4 protein chains.
Amino acid sequence: MTDAPHRRGADRTEAIMRTTLELGREIGYANLSIEAVAARAGAGKHTIYRRWSSKGALLLDSLLSLNGPGLDYPDTGDVVADLRAQIYAAVDLLAGASFGPLFQALIGEAQHDSRIAAALNERFIAPQADKTVARLKAARDQGQLSPGFDLDLAMAILSGPLYFQLLITQEPLTHEYVDRILDALFTGMGPRPRP
Amino acid sequence: MTDAPHRRGADRTEAIMRTTLELGREIGYANLSIEAVAARAGAGKHTIYRRWSSKGALLLDSLLSLNGPGLDYPDTGDVVADLRAQIYAAVDLLAGASFGPLFQALIGEAQHDSRIAAALNERFIAPQADKTVARLKAARDQGQLSPGFDLDLAMAILSGPLYFQLLITQEPLTHEYVDRILDALFTGMGPRPRP
Amino acid sequence: MTDAPHRRGADRTEAIMRTTLELGREIGYANLSIEAVAARAGAGKHTIYRRWSSKGALLLDSLLSLNGPGLDYPDTGDVVADLRAQIYAAVDLLAGASFGPLFQALIGEAQHDSRIAAALNERFIAPQADKTVARLKAARDQGQLSPGFDLDLAMAILSGPLYFQLLITQEPLTHEYVDRILDALFTGMGPRPRP
Amino acid sequence: MTDAPHRRGADRTEAIMRTTLELGREIGYANLSIEAVAARAGAGKHTIYRRWSSKGALLLDSLLSLNGPGLDYPDTGDVVADLRAQIYAAVDLLAGASFGPLFQALIGEAQHDSRIAAALNERFIAPQADKTVARLKAARDQGQLSPGFDLDLAMAILSGPLYFQLLITQEPLTHEYVDRILDALFTGMGPRPRP
DNA sequence: TAGTAACCGAGACGGTACGTCGTGTCTTGCC
DNA sequence: GGCAAGACACGACGTACCGTCTCGGTTACTA
């Protein structure tokens with residue numbers, strides 16, 4: 001009817017991904033199995049394996065199919081405000097009750113499966129980082145940051161502590177904590193030590 | 001004969017942990033199974049399950065059994081040098097060819113298993129962090145850092161980017177990168193932005 | 001090609017039963033395990049459990065798959081000769097070197113597992129008994145036996161001592177012994193006691 | 001204190017056998033394990049293995065420890081009445097609700113374990129049979145039975161159908177059925193067939 | 001419009017590992 | 001020195017998924 005070229009195929013793909021997220025939220029990633037997704041989705045296992053090579057790949061696609069909108073930076077002229085807005089959004093996604101645990105589990109999976117790691121990087125992490133770096137670069141070009149400002153390192157200082165908290169100490173990620181990091185990055189930690 | 005109190009038990013425990021590391025290095029964490037460890041160690045599966053509740057718990061203990069010495073800070077009076085030395089050591093352990101992949105996989109496992117996460121934190125992460133914070137505090141008390149210096153945040157800025165690189169972007173962790181972070185923390189990123 | 005309806009399934013079923021008998025003869029029923037049958041047959045354990053609920057059920061089917069022909073009575077007009085022929089055949093099967101031990105073990109198993117007992121009865125014992133009773137009935141109808149002749153009891157007297165010898169005293173079952181029982185049944189034990 | 005030479009030992013032996021019967025009646029022979037008996041009896045496994053070589057041997061001893069009195073034939077002069085009394089008693093024991101299932105299971109076990117079979121024969125079956133044969137012999141010697149009366153066969157005809165019913169068809173054993181067999185043996189089945 | 005190829009559900013299949021249970025042997029320490 | 005307690009190596013249990021495969025029964029393109 002519509003112009004969708006592979007109607008049946010796309011339907012199944014979406015149904016499977018939807019089921020994956022649904023089931024994943026219910027029973028957690030560790031208990032999730034392709035077998036169970038197939039059963040719940042009313043799909044044959046083959047139909048899943050035809051599309052994805054592993055549980056991780058399936059979840060990755062499923063999660064990425066969510067943020068159709070994507071997180072784009074507006075450039076309001078205020079770097080800090082822009083970064084803050086964007087990081088708030090990212091934190092809400094990663095640490096939110098809905099899909100936070102699945103995101104977290106997916107990053108966990110990436111530690112055993114380098115293909116997942118690569119795909120996760122390429123399709124989720126890098127785009128985010130690139131936008132952050134681009135926004136910082138714009139600020140630097142406009143003279144808001146010193147010419148020697150290390151863009152990549154700044155990005156890492158903004159992201160690292162958050163992922164550290166998410167993955168390692170497993171404490172809740174709050175907006176307040178984001179503020180502290182932003183503050184430290186742009187205001188500094190205080191006078192340098194005198195060795 | 002000797003004063004060894006639980007000779008038989010301790011013997012098996014050590015043998016199993018040794019085998020776990022050996023086999024883990026050979027075939028990787030994902031392919032590691034309790035069954036295989038038992039077989040290789042000449043132990044019954046029950047003997048393993050009696051001690052550890054999961055593959056992750058076994059690997060955690062096995063890895064922690066390695067650095068009996070632990071990484072202690074000398075206080076040379078130079079905070080930056082002391083931190084650098086300690087972080088170098090940590091990075092060499094986490095990213096080293098020997099056990100780096102296993103450490104990484106263990107952190108991955110912690111994302112699906114909250115008991116592993118808690119144990120990992122309590123027995124590996126927190127002690128390290130505490131020492132770092134203590135060393136920073138000593139420096140602050142001695143006036144080498146400003147009174148408002150946020151110790152915990154500094155620790156997070158030192159650790160976060162490293163774990164980010166280890167777990168997320170999966171790029172190699174170098175001493176040079178550690179230097180950049182230390183530099184950024186204590187020297188600053190440059191003048192603050194003018195919003 | 002042919003009319004075989006469930007080719008793949010039937011193939012595995014037969015292969016598994018064949019292996020069961022083969023392995024059972026080699027190592028005995030007590031040492032037989034579903035695990036070992038699966039391994040020898042090149043089958044997954046699940047494939048066995050899908051068909052049979054226990055070792056006993058598997059052996060029962062395997063043994064029954066043997067005598068496709070079955071033991072049928074010809075009616076030559078001579079009851080005793082007909083019975084003799086049929087009982088000889090039964091005794092040869094039950095006490096034969098090939099499968100006797102397995103039959104015996106199966107009857108043993110039936111003592112702990114009432115489902116086995118029921119199936120064994122229904123599919124092996126009862127058909128045999130029915131045929132014997134039918135042959136006796138024909139003889140009685142033709143006036144070769146007295147009208148009050150107790151068919152069921154006669155059947156029990158023909159079978160009981162044989163199973164007693166097989167299962168309880170574990171002495172070898174000979175044709176000569178069958179003859180003695182037949183003789184006793186139809187000729188009598190001698191004059192009745194005078195109380 | 002008393003003259004019992006191995007007081008502690010005998011105590012344990014009895015306690016273990018008592019527990020075996022108790023537990024056997026509760027959960028059935030198939031589910032019975034030496035481990036469970038030891039636990040319930042508050043005994044070490046070693047203490048059991050020191051005395052019995054297998055579950056079957058333990059149960060055999062336990063069951064035999066029951067009928068301290070034993071079943072002795074009075075010789076009232078009436079063979080049939082004497083036999084009837086004794087067989088009633090045997091049937092009540094073997095098919096009784098209390099220990100019948102355990103007896104039955106033990107006979108089942110004997111089919112896989114020839115040591116059990118031998119012991120069962122020697123200590124339970126043969127003594128019974130011997131007494132029966134002896135009683136029959138006395139009757140024959142007193143002229144109550146014909147000189148050619150086959151004592152062993154008569155014993156087998158008396159026992160066989162009962163065990164057949166107990167072990168094979170698993171129908172209840174009644175006194176009425178015993179009567180039918182006695183009747184057939186001593187009164188005959190009717191006129192011989194004319195071949 | 002008929003044929004035909006791809007896709008699909010269902011699920012059988014050979015595997016691997018799971019976590020549990022019971023075996024029979026052993027070691028330890030109490031009494 | 002017998003005993004309770006239970007650790008130990010071992011082997012099998014029955015289950016769960018894996019990833020591959022075969023089977024028919026629809027689609028939906030192609031000729």
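Predicted model: local features only at pLDDT ≥ 70, side-chain atom pairs only at ≥ 80, totals over all residues.
Reader: Nice place to begin! How many residues does the contact take from chain B and from chain A?

Author: It takes 52 residues from chain B and 52 residues from chain A.

Reader: And how many salt bridges are there across the interface of chain B and chain A?

Author: There are two salt bridges across the interface of chain B and chain A. One salt bridge joins A:Asp150 and B:Arg180, with the closest N and O atoms 2.7 Å apart. The interface of chain B and chain A also has 11 residue pairs in polar contact, counting pairs with both residues at pLDDT 80 or more.

Reader: Which helices of chain B supply at least two residues each of the side that touches chain A?

Author: In chain B those are helix 5 (79-95), helix 6 (100-110), helix 7 (114-141), helix 8 (151-169) and helix 9 (175-187). Helix 8 of chain B brings the largest share of the side that touches chain A, with 15 residues.

Reader: What classes of residue does the side of chain B that touches chain A have?

Author: The side of chain B that touches chain A has 31 nonpolar, 14 polar and seven charged residues.

Reader: Okay, on to the other chains. How many residues does the contact take from chain C and from chain D?

Author: The contact takes 52 residues from chain C and 52 residues from chain D. About 4,200 Å² is buried between chain C and chain D, and 66% of this comes from carbon and sulfur atoms.

Reader: How many salt bridges are found there, across the interface of chain C and chain D?

Author: Two salt bridges are found across the interface of chain C and chain D. In one of these, the side chains of C:Asp150 and D:Arg180 meet at 2.7 Å, N to O. Chain C and chain D also have 11 residue pairs in polar contact across their interface, again with both residues at pLDDT 80 or more.

Reader: Which helix of chain C gives the largest share of the side that touches chain D?

Author: That is helix 8 of chain C, with 15 residues. By class, the side of chain C that touches chain D has 31 nonpolar, 14 polar and seven charged residues.

Reader: Let's zoom in on one chain. How many helices and strands are there in chain A?

Author: Chain A has nine helices and zero strands. Its C-alpha atoms fill a box of roughly 65 × 40 × 25 Å along the principal axes.

Reader: Which domains is chain A divided into?

Author: Chain A has domain 1 (7-59) and domain 2 (79-187). The centres of domain 1 and domain 2 of chain A, taken over C-alpha atoms, are separated by 29 Å.

Reader: How much area is buried between domain 1 and domain 2 of chain A?

Author: About 760 Å² is buried between domain 1 and domain 2 of chain A, with carbon and sulfur atoms giving 73% of it. A:Arg25, A:Tyr29 and A:Leu59 supply 61% of the area that domain 1 of chain A buries against domain 2 of chain A, more than any other three residues.

Reader: How many salt bridges are there across the interface of domain 1 and domain 2 of chain A?

Author: Zero salt bridges are found between domain 1 and domain 2 of chain A. By class, the side of domain 1 of chain A that touches domain 2 of chain A has four nonpolar, four polar and one charged residues.

Reader: Now the DNA! How many residues surround DNA strand E, and which are the closest?

Author: DNA strand E is surrounded by 30 residues, and the closest are A:Arg50, B:Tyr49, C:Arg12, C:Arg50 and D:Glu35. These residues near DNA strand E divide into six nonpolar, 11 polar and 13 charged.

Reader: What lies 2.6 Å from a phosphate oxygen of DNA strand E?

Author: That is a polar side-chain atom of A:Arg12. An N or O atom in the side chain of C:Arg51 is 2.9 Å from a phosphate oxygen of DNA strand E. With B:Glu35, a backbone N or O atom lies 2.8 Å from a phosphate oxygen of DNA strand E.

Terms used. Residues numbered from 1 in each chain as written. Chains lettered and ligands numbered in written order. Heavy atoms only, no water. Near = heavy atom within 4 Å. Polar contact = N/O pair within 3.5 Å; in protein donor to acceptor, adjacent residues only side chain to side chain. Nonpolar A, V, L, I, M, F, W, Y, C, P; charged D, E, K, R; others polar. Domains from an automatic or database assignment. Buried area = accessible area lost by both parts, 1.4 Å probe. Salt bridge = Lys/Arg side-chain N within 4 Å of Asp/Glu carboxyl O. Contact = heavy atoms within 4.5 Å. Helix = DSSP H or I, 4+ residues; strand = E, 2+ residues; numbered from the N terminus.
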